[in-house]
Amino acid sequence: MASTTDMAPNRTAAASKAPARRAANGPRRAAARQSQSREDDLSAQVQQLQSDLKSIAATLASLAEDKVNDAQKVAKREVKNLASSGQSAIEDVQDEFGQLEKQIKDTIREKPLTAVAGAIALGFVLAVVSR
């Protein structure tokens with residue numbers, strides 16, 4: 001049969017279970033601390049990425065603004081060039097019409113009967129066409 005020592009709780013076994021529980025909780029706590037540390041590191045990395053993205057966006061905005069300013073300067077310069085070339089073309093056309101007008105006046109002075117006959121013929125053609 002069993003002796004009383006076999007039936008009585010073993011104090012040494014109970015005492016050895018407490019450190020075992022503490023030892024089992026130790027790795028859990030270490031794992032929890034390590035997990036928290038990883039989360040903190042990840043959070044710091046995310047914040048750094050956000051900061052980097054904001055910096056990149058600001059740089060891109062600055063570059064885009066510079067390009068827009070450059071394009072505006074080029075466009076204004078081209079407008080000025082076109083305006084000046086348009087003005088010179090107008091002056092050239094006015095000079096040509098002035099010369100043509102002078103030639104017509106000279107021709108009318110030299111040959112007045114031919115000019116009158118041409119005006120009558122032109123009037124007749126316009127009258128026929130407008131009917």
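View 1. (Patches take residues with over 30% relative accessible area and no salt bridge; nonpolar side chains, meaning Val, Leu, Ile, Met, Phe, Trp and Tyr, are joined within 5 Å, and like charges within 9 Å.) Areas come from the Shrake-Rupley method with a 1.4 Å probe, and for residues only the protein chains shown count as cover. Leu100 is partly exposed, at 40% relative accessibility. (Buried means under 20% relative accessible area, exposed over 50%, and partly exposed in between, with a 1.4 Å probe and protein chains only.) Residues are numbered from 1 along each chain as its sequence is written, and side-chain values use heavy atoms, with hydrogens and water left out. The model is predicted, so local features need pLDDT of at least 70 and side-chain atom pairs count only at pLDDT 80 or more, while totals for chains, interfaces and linings use all residues.

**View 2. Negative charges gather on the surface.** Glu91, Asp92, Asp95 and Glu96 form this patch. (Asp and Glu count as negative, Lys and Arg as positive; His and the chain ends are not counted. A charge is placed at CG of Asp, CD of Glu, NZ of Lys or CZ of Arg.) Asp95 belongs to helix 2, which covers residues 11–110. The relative accessible area of Asp95 is 48%, and Asp95 is partly exposed.

**View 3. Glu101 and Lys105 pair up in a salt bridge.** Their side chains meet at 3.5 Å, N to O. (A salt bridge is a side-chain nitrogen of Lys or Arg within 4 Å of a carboxyl oxygen of Asp or Glu.) Glu101 and Lys105 are four residues apart in helix 2, so about one helical turn separates them. Glu101 is partly exposed, with a relative accessible area of 43%. Lys105 is partly exposed too, at 43% relative accessibility.

**View 4. Asp106 and Arg109 form a salt bridge.** Their closest N and O atoms are 4.0 Å apart. The two residues are three apart in helix 2, so about one helical turn lies between them. Asp106 is partly exposed, at 30% relative accessible area. Arg109 counts as exposed, at 65%. The whole structure holds two salt bridges.

**View 5. The chain is built of three helices and zero strands.** Along the sequence the pattern is α-α-α. (Helices, H or I with at least four residues, and strands, E with at least two, are DSSP runs numbered from the N terminus.) Of the 131 residues, 0% count as buried. The accessible surface is about 12000 Å², with 60% from carbon and sulfur atoms.

View 6. The chain averages a pLDDT of 84, and 79% of residues score at least 70. Where pLDDT is low, the predicted coordinates should not be read in detail.

Methods
pLDDT = per-residue confidence, 0-100.
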